[in-house]
Structure formats: structure tokens, C-alpha cells
Amino acid sequence: GLPMRTVSCSQYLLFTFYAKPGSVERCPVPSDIALTCILLACKIEETFKRIKDILVAAFLTSNPDYDGDRVDISESLRTAVVVYEEDVLRAIRFQFN
């Protein structure tokens with residue numbers, strides 16, 4: 001699991017992103033933004049989690065009956081999370097220098 005501070009931070013990031021006008025049009029898949037917010041919260045709160053760990057946990061949560069040995073995460077999902085990272089950072093007015 002994740003520490004409560006990290007979970008709270010990810011919720012704040014998600015809320016802030018969707019509070020911005022036009023955010024729904026920029027990201028048609030809400031789960032991608034949610035995963036991006038979790039990844040960013042881990043970075044902000046210094047909770048060590050690899051992107052693969054987050055994506056596998058999300059897959060297993062949404063597929064509780066999966067009993068396979070290995071979970072293959074698509075490269076497109078991984079890329080989407082990384083691409084949306086900049087959108088979330090812009091929503092919180094992160095200063096890119």
C-alpha cells in the first residue's frame with residue numbers, strides 16, 4: 001500500500017487537475033489521470049514506487065479474479081501516464097525552468 005500522505009496528495013492532484021476548465025477534453029480516460037496523480041504523489045512525497053508497480057497494482061485492483069503469474073503492462077498505458085504528467089504539473093502551476 002501507500003502511506004496516507006501519498007494517497008492524500010494524489011487525491012489533491014486529481015481534484016486540482018479536474019478543477020481546471022478543459023481538463024476533461026485533454027484526457028478522455030480518467031483512469032490514466034488517476035494513475036498519473038498517484039505516480040506524481042509518490043514522487044512529491046518521496047514514496048519509492050516504480051511506474052510498473054503502480055500500473056500492476058491498478059490492473060490487479062480492477063481485475064480481482066486474475067490468477068495469472070505475470071501481468072503485462074502495455075507500453076501505450078505507460079506512455080500515457082508519462083505524457084499526462086506534464087498536464088497535471090501544469091494544473092498545479094508547477095514552474096518549469
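User: Why is Ser23 called buried?

Analyst: Ser23 has a relative accessibility of 1%, and buried means under 20% relative accessible area, with exposed over 50% and partly exposed in between (1.4 Å probe, protein chains only), so Ser23 counts as buried. This is a predicted model, in which local features need pLDDT of at least 70 and side-chain atom pairs count only at pLDDT 80 or more, while totals for chains, interfaces and linings use all residues. Residues are numbered from 1 along each chain as its sequence is written, and side-chain values use heavy atoms, with hydrogens and water left out.

User: What is Ser23 in contact with, leaving aside its neighbours within four places in sequence?

Analyst: With those neighbours set aside, Ser23 is in contact with Phe17 and Tyr18, where contact means heavy atoms within 4.5 Å. Ser23 itself is found in helix H2, residues 23-26, a helix being a DSSP run (H or I) of at least four residues, numbered from the N terminus.

User: How do you know that the reach of helix H3 is close to the one expected?

Analyst: The expected span is 1.5 Å times one less than the number of residues; H3 (residues 30-44) has 15 residues and reaches 21 Å from its first C-alpha to its last, close to the 21 Å expected.

User: What covers the buried residues of H3?

Analyst: The buried residues of H3 include Asp32, Ile33 and Leu35, and their cover includes helices H1 (4-19), H4 (51-62) and H5 (75-91).

Technical notes: Helices (H or I, at least four residues) and strands (E, at least two) are DSSP runs, numbered from the N terminus.
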